[in-house]
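Subject: Structure handover

Hello,

Here is the structure I promised to pass on.

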Amino acid sequence: MPGWDEFQGVNEAYVAELYEKYRRDPGSVDPGSRRYFEQKGDSHTFHSDATKSVTVPLSSQIVGAVNFAQSIRRYGHLAAQLDPLGSKPSGDPSLDPATHGITEEDLRRLPASVIRQPTQTAVAGAQTALDAITRLRRIYCSTIGYDLSHIFVPQERYWLRGAIEEGRFRAPNDPIDPVAILERLTVVEVFERFLHRSFPGKTRFSIEGLDMLVPVLDEVIAGAAEAGICQIIIGMAHRGRLNVMAHVLNKPYAQILAEFKDPLHSRSFHEDMAWTGDVKYHMGAHRAVRDGEEVDLHISMPPNPSHLEAIDPVVLGMARASGTRGTTPGEPGFDASSVLAILIHGDAAFPGQGIVAETLNFCRLPGYHVGGTIHIIANNQLGFTTSPEDSFSTSYASGLARGFKMPIVHVNADDPEACVEVSRLAFAYREKFKRDFLIDLVGYRRHGHNEGDEPAFTQPVMYERIANHPTVRDTWARALVERGAVPPGVPETRVKQRMDELQSLLQSLKPEEVIAEPMPEIAPAGTARGMVTALPYEDLKAMNEALLTLPEGFAAHRKLEKARERRRHAFDTPDERTIEWAAAEELALASALAGGTPVRVTGEDVERGTFSQRHAVLHDARTGRVHVPLQALPQARAAFEIRNTPLSENGVLGFEYGFNIQAPQWLVIWEAQYGDFVNGAQVIIDEFIVSARAKWGLAPSLVMLLPHGHEGQGPDHASARPERFLQLGADTNMRLVNCTTAAQFFHVLRRQALLLEKDPLPLVVLTPKSLLRHPAVASSPRELAEGRFEPLIDDPRFASGVGRRDGVRRLVLCSGKMAVDLMTSDGYQSADAIAICRVEQLYPLPVSDIEQILASYPALEDLVWAQEEPENMGAWHYAAPYLRTMLRRELNLRLIARPRSSSPAEGSSARHARVQQQLIARAFDMRVLTPPAPSPAASPSGETRGVAIGSRK
């Protein structure tokens with residue numbers, strides 16, 4: 001039974017009040033309490049070490065003191081001096097003792113012991129509650145604001161409060177080298193001042209006002225090195241990027257200065273203009289931290305376009321790939337202790353750009369978490385010209401992160417010691433809990449958005465204050481001189497020395513000897529065509545049998561048994577068309593694993609497949625137990641991973657791109673739920689996937705599966721927007737296919753896996769929907785075992801010895817579902833004068849193959865391009881210029897397509913069916929030839945004439 005003196009704090013107050021009730025009326029308390037007081041004896045006065053007697057009024061003061069202390073812990077950040085420019089904190093009524101019914105005099109009378117929870121260190125040595133409260137204010141309401149009230153996991157909350165109140169990462173507990181910080185701030189400031197003086201008007205997105213960002217990164221990197229982390233990946237936009245590259249990633253000053261001189265010479269400019277490069281503040285860098293000769297820690301910063309936060313998921317994908325091991329069959333393992341991701345955000349971009357929320361959502365998802373990311377908001381309290389009240393609806397720029405239960409600590413960027421403490425806390429928390437942590441580094445922006453901008457146009461008061469505000473280096477140098485840590489005059493001497501060193505370097509610089517552009521290597525022509533993708537029949541059969549084998553006692557859903565039974569007999573007859581699309585895909589992935597290539601497949605509902613076609617993850621119908629056939633494949637020599645993703649395209653595709661470029665030996669596949677949804681990831685496609693080679697010399701090989709086909713399901717379930725990819729196609733920067741058979745899909749996936757090292761390019765596959773189980777799309781086992789990917793497939797009716805090619809008057813070029821609809825229509829077999837040729841690869845267009853096909857039909861009158869998309873969409877505008885150049889004089893180029901439209905498809909299934917029938921009928925109607933095709937360029941009115949179906953007059 002506890003003694004009187006074991007009750008402390010709020011418990012002491014509660015027991016005291018209960019005891020007073022008992023003394024007045026024993027029946028007024030519960031039986032358990034009454035028995036306790038009876039055994040202790042009611043002649044005793046309730047007392048503790050600090051008080052001889054406790055009365056009911058005093059107990060209410062104890063409660064008030066305890067609540068006041070808790071309010072400081074929870075809301076003290078609202079009274080912290082976070083703004084270097086001196087704006088008044090918002091404060092909160094709960095930080096006033098009167099709110100809790102007490103006064104300072106009451107606190108002075110109470111012992112410090114009443115507010116000891118959760119840690120006694122903060123109040124150790126304090127005699128009164130007022131002393132303890134003063135100490136708590138010093139911790140929670142200074143230049144650091146601890147925003148932790150949303151941390152609901154007790155272990156995390158207790159650890160954070162303990163570390164904060166013990167001063168675990170603060171001097172003298174964790175010593176800080178003040179002179180080293182001064183030196184660091186000197187190189188940071190001098191670098192910016194030198195660039196400003198030497199290259200007036202040049203855009204650099206200066207770090208000035210947030211100079212402590214570099215020492216903050218130094219502390220985190222030092223912690224990572226001590227913890228044995230071997231890879232750090234930093235993602236950031238423009239603000240301070242050059243300074244971070246120079247001083248954190250050790251990019252040579254000579255290289256940066258040469259880029260500012262911006263010379264034009266043979267190594268950065270090619271006659272074919274294929275290598276374009278990028279502006280200096282988009283480029284990336286890397287650094288190897290060495291201990292002797294062995295590389296212990298590698299730090300990298302991938303290039304980032306002006307879509308500020310677009311780099312966030314890319315960095316996380318790179319980090320996930322860095323820690324993932326795929327050389328062992330089965331599910332890949334991830335080691336969070338080997339890699340650290342750091343994301344540096346803008347204060348306007350963090351709450352404003354949706355990709356931030358998509359990225360934060362990865363923090364605890366299987367297949368996407370990276371063992372904790374350290375986020376830093378480089379908070380200059382201003383967008384381009386937009387003030388915080390117009391930028392976000394939350395109390396802080398960091399407000400979005402609260403929903404993801406990560407600690408948020410705001411810190412004044414003009415207090416170096418506070419910044420160092422917060423940096424150490426951030427890394428220690430991340431290491432212990434493998435969770436995200438956010439540092440809101442609150443500073444300012446000394447110049448405009450860019451150095452040619454005049455910020456006083458829109459923020460005159462703020463910039464008058466900034467003009468009179470000393471730099472953090474100035475204030476820190478003055479503080480060290482006053483402390484006697486640095487002799488007077490030394491800080492300014494170091495500034496001059498650094499300036500002179502940079503000036504000397506600039507004068508001696510010969511840019512043509514310094515710049516070494518990351519020249520992308522192009523594979524020899526014909527590399528892809530030379531890939532042998534056929535596999536021995538018996539190997540395919542054995543893999544198929546292995547994929548159908550279930551663990552003992554595993555009960556698959558009964559509705560899957562029929563399809564699985566068909567698969568068991570798929571290889572009974574080599575020439576029977578028994579291989580559907582999903583089977584071909586699974587066999588292609590199995591063959592990649594057997595060849596030692598690890599595979600990662602992600603997307604919305606990819607485990608089952610949007611159209612219930614894949615079933616790559618089986619669930620026991622009785623127990624829910626999971627079985628992944630490709631992870632149990634006995635022939636596999638590499639890992640397989642398949643993950644359902646959050647309902648995101650932009651963030652997820654960015655993540656997969658990052659995974660891909662960090663682990664190019666993996667076959668990485670992302671599937672859209674419907675091809676139309678790729679719209680949501682257009683920034684990642686434009687800025688990274690298709691342009692990374694031209695801008696940054698990178699070689700992505702990501703595969704995108706985009707369900708595509710006009711089937712009457714409306715405008716948002718029809719088109720994967722092939723026209724957008726084709727518009728972006730240049731200099732062989734990707735491959736775009738629209739296959740019509742399962743074998744073609746098998747071979748194109750096999751080819752992609754084999755090209756990862758020899759000729760890596762992104763692959764866009766317009767995959768089918770209703771055609772997934774269409775008999776005409778199914779292939780025979782022999783086509784997988786002996787075939788190859790064909791960029792162009794001629795009409796089988798006119799193959800050698802089958803039909804008369806000299807009787808063909810019209811050649812129809814088409815792809816995908818349009819081709820299947822034409823070849824399965826009633827008029828196909830009897831249309832002896834019409835040949836249907838399937839263009840399986842749209843980019844690069846197989847021009848030489850088309851020319852050979854044209855030459856093989858001597859009596860042609862019409863060359864028709866037929867597509868299911870409207871005339872202003874699909875492949876027509878891309879293909880037409882190529883087709884016009886190969887026409888014979890007597891040959892007419894004609895178009896069959898839906899009329900130009902701002903919407904990709906009809907909203908009515910009945911209207912869709914009618915229009916599709918008209919398109920097919922026009923393709924086979926030789927009585928009236930289709931009108932000549934319009935030019936790909938629209939008329940000034942925006943309309944083109946002569947569209948085959950439904951032209952607007």
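Predicted model: local features only at pLDDT ≥ 70, side-chain atom pairs only at ≥ 80, totals over all residues.

Residues are numbered from 1 along each chain as its sequence is written, and side-chain values use heavy atoms, with hydrogens and water left out.

Leu813 is part of strand E20, residues 810–814 (helices, H or I, of at least four residues and strands, E, of at least two are DSSP runs, numbered from the N terminus). Leu813 has a relative accessible area of 0% and is therefore buried (under 20%; exposed is over 50%, partly exposed in between; 1.4 Å probe, protein chains only).

Beyond its neighbours within four places in sequence, Leu813 is in contact (heavy atoms within 4.5 Å) with Cys837, Val839, Ile850, Leu863, Val864, Trp865, Ala866 and Leu883. Gln867 is 54 residues away along the chain, with 8.5 Å between its C-alpha atom and that of Leu813.

The open sheet has 5 strands, ordered E19-E21-E20-E23-E24, with mixed pairing (two strands pair if DSSP finds at least two bridges between them). Its edge strands, E19 (792–793) and E24 (892–898), each pair on one side only. E20 runs parallel to E23 (residues 862–870), joined by 4 bridges; Leu811 has Leu863 as its bridge partner in E23.

Helix H28 (residues 816–823) lies across E20, E21 (834–839) and E23. Helix H31 (residues 909–924) lies across E20, E21, E23 and E24.

Regards

Note on methods: Axes fitted to C-alpha atoms, helices over the stretch in contact; angles between N-to-C directions.
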